[in-house]
Amino acid sequence: MPYTPEKPKLAESSDQLRARIPGWGVDLDPKDRPSVPREQFDPTFSGAHWEFPERQPEKFPRERSIEHKFLTPVFGTSCPPKGLSGVIRRYAYKEYSEGRAAHWLLLLAADRVDTVESTLRSFASLHPDNPITETGVLSEFSHHGVASRFGRKRADVRHQWIDPIIVGAPWVLGGVLAYRLVKRVAGR
Amino acid sequence: MRAMVYRGPYRVRVEEKDRPVIEHPNDAIVRVTRAAICGSDLHLYHGMMPDTRVGSTFGHEFIGVVDEVGSSVRNLKPGDRVMVPFNVFCGTCFFCARGLYANCHNVNPNATAVGGIYGYSHTTGGYDGGQSEFVRVPFADVGPSLIPDWMDEDDAVLLTDATATGYFGAQLGDIVEGDVVVVFGAGPVGLIAAKSAWLMGAGRVIVIDHLEYRLEKARTFAHAETYNFTEYDDIIVHMKKITDHLGADVAIDAVGAEADGNFLQHVTTTKLKLQGGSPIALNWAIDSVRKGGTISVMGAYGPMFSAIKFGDAMNKGLTLRMNQCPVKRQWPRLFEHVKNGYLKPSDIVTHRIPLEHIAEGYHIFSAKLDNCIKPIIIPNPV
């Protein structure tokens, strides 16, 4: 106990643990642990044959953190910014460093705008969004939704009821607005 | 090609998408044979990670066959079976030269605080991931390794993140012989961390979670002593009681941003997005470890602030260690452990899901249905 010098005795000795658990102690020596010490200078280990990599062509204006000196030589090209969400994203990158909450809050806001824009855009395509199939909610019936949750002392059951509201509310709200709009246009 | 596509919080689907192309001379295009859904993918799925764009493809745990290589690639050729670390890294920047591959400075223009990760939002570089038929792999001479002939494919895919991260987490605990190690979270990373703690000579390994089926796995797979925190008024008091009021020597947070156990903290984080991550597991780690102890943080958190009990961490003189795992650095030793039978990552795989059913896969994993621990995605099931 902490009130006296000695550490509490363990239930099993090292020999007992070695006999019971396959591999017990094989990495006991820190020298056998690959991330000890944390930093190991060896620029040849990785197999790279450059000091600074050749630059990937920048095919569209690539947003970047203002904490970077320049655009990194290699970068992802998935989903270039577009629409209003793209404007917000570019503004967040151009104006605020990673150290500012505004940077991240704007990016989160852009994510929500992106969702609305993309959903609306999907209705003008041959592949409209479908909240039933895209949420995978039908697996509740095929994969024991009720039995997996109840009578199992799960802490997350207390807040999982919020999830359908988060997912469904924008669809309900959008439906109501669309209905009112159609009704108003039809009434003219 | 067919690929998983994010459509907004809690919504994903499979779409036809352009096959990736060589964009840099050291790129490779890999045909994916197996991918996994990681617990940290759920942070994206739930809309918690800033700059997660609609249309992006997730997946940072994958293996496959090289389909095409760029003009400067020397170490790989089409037809090679490869496993790809979740880190995108150049190998020669200041950080890579010191073995910190997860902190590469040459691959993520969107942020300097985090390196590049496949399929993990633009905050980690804007790369599409491996939950698809094909994926672009930058720095093909540096990241991927050939899959050894003797290695099982499920073991190989889990070595690209979960296994390496759990093993790395135990290393950051600086475990010495006889240490009491408590692991928060019995998901894939927590299970591997618990098992790895024994390899490093732990004298007692305790795992805390609220999902009974995962605690059962912690007992059988990781030989751990387990406690369900929902059965105790205050899990911290219980931790003190079972350690003779000293506390654990080492605590490993293998939960991260969506930790449960405090309604207010969880809801303000995962539902209202007011914090970068729910700090419950990390705060429990701070409270349950002994003075002068070490905390290893393997759980992923968003880049925004979280309500961490930093005062207690300071007053207790704790050492807090953390990083994204530099996966490739772990592999030589991990390959030995898998070959010797000390680690069998595929034992934690519970579901194999065709890519076409990805939406169900995410829901099952997110809602913890059907005793799900680790789902594997098969792009082209035979």
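Predicted model: local features only at pLDDT ≥ 70, side-chain atom pairs only at ≥ 80, totals over all residues.
Domain bounds here come from an automatic or database domain assignment.

Chain B splits into domain 1, made of residues 2-161 together with 326-378, and domain 2, which covers residues 166-322. Taken over C-alpha atoms, the centres of domain 1 of chain B and domain 2 of chain B are 25 Å apart. Where they meet, domain 1 of chain B contributes 22 residues and domain 2 of chain B contributes 22 residues. On the side of domain 1 of chain B that touches domain 2 of chain B, two helices each supply at least two residues: α1 (41-45) and α10 (327-339) of chain B. Of these, α10(B) gives the most, with three residues.

Now let us look at chain B as a whole. Chain B holds 11 helices and 17 strands. Its radius of gyration is 20 Å, close to the 21 Å that the globule rule gives for 382 residues, so chain B is as compact as a globular protein of that length. Along the principal axes, the C-alpha atoms of chain B fill a box of roughly 60 × 40 × 40 Å.

One annotation, "domain: Alcohol dehydrogenase-like N-terminal", covers residues 25-142 of chain B. That span is 4% helix and 25% strand, and its end C-alpha atoms lie 13 Å apart. The other UniProt feature, "domain: Alcohol dehydrogenase-like C-terminal", is placed at residues 188-259 of chain B. Here the chain is 42% helix and 22% strand, with 15 Å between the end C-alpha atoms.

Helix α10(B) turns up again when we look at helix packing. The axes of α3(B) and α10(B) come within 9 Å and cross at roughly 85°. The two helices α3(B) and α10(B) are therefore roughly perpendicular to each other. On the α3(B) side, the contact is made by B:Thr163, B:Ala164, B:Tyr167 and B:Phe168, and on the α10(B) side by B:Val327, B:Gln330 and B:Leu334. The residues of this contact of α3(B) with α10(B) comprise five nonpolar, two polar and no charged.

What does chain B share with its partner? In the contact between the chains, 92 residues of chain B meet 82 residues of chain A. Several elements of chain B each supply at least two residues of the side that touches chain A: strands β1 (2-8) and β2 (11-16), and helices α3 (162-172), α4 (188-199), α7 (263-271), α10 and α11 (358-366). The side of chain B that touches chain A consists of 36 nonpolar, 33 polar and 23 charged residues.

Chain A has another build. Its secondary structure comes to eight helices and zero strands, and from the N terminus on the elements run α-α-α-α-α-α-α-α. The radius of gyration of chain A is 28 Å, well over the 16 Å that the globule rule gives for 188 residues, so chain A is more spread out than a compact globule. The C-alpha atoms of chain A fill a box of roughly 85 × 60 × 40 Å along the principal axes.

Helix α2 (residues 83-95) of chain A and helix α3 (residues 101-122) of chain A pack at an angle of about 170°, with their axes 8 Å apart. Angles over 145 degrees count as roughly antiparallel, which makes α2(A) roughly antiparallel to α3(A). Among the residues that form this contact are A:Leu84, A:Ile88 and A:Ala92 of α2(A), together with A:Leu106, A:Ala110 and A:Val113 of α3(A). The contact of α2(A) with α3(A) divides into nine nonpolar, three polar and three charged residues.

Two backbone details in the loops of chain A deserve a look. A cis peptide bond joins A:Val36 and A:Pro37, with omega at about -5°, and A:Pro37 sits in the loop between α1 (14-20) and α2 of chain A. Further along, A:Lys153 has a positive phi of about 60° although it is not a glycine; A:Lys153 is found in the loop between α6 (145-149) and α7 (157-160) of chain A.

Finally, the UniProt annotation "transmembrane region", from an unreviewed entry, covers residues 161-182 of chain A. That span is 95% helix and 0% strand, with its end C-alpha atoms 32 Å apart.

Technical notes
Residues numbered from 1 in each chain as written. Chains lettered and ligands numbered in written order. Contact = placed C-beta atoms within 7 Å. Nonpolar A, V, L, I, M, F, W, Y, C, P; charged D, E, K, R; others polar. Axes fitted to C-alpha atoms, helices over the stretch in contact; angles between N-to-C directions. Parallel < 35°, antiparallel > 145°, perpendicular 65-115°, else oblique. UniProt positions renumbered as here; feature names shortened; annotations may be inferred. Rg over C-alpha atoms; globule rule 2.2 N^0.38 Å.
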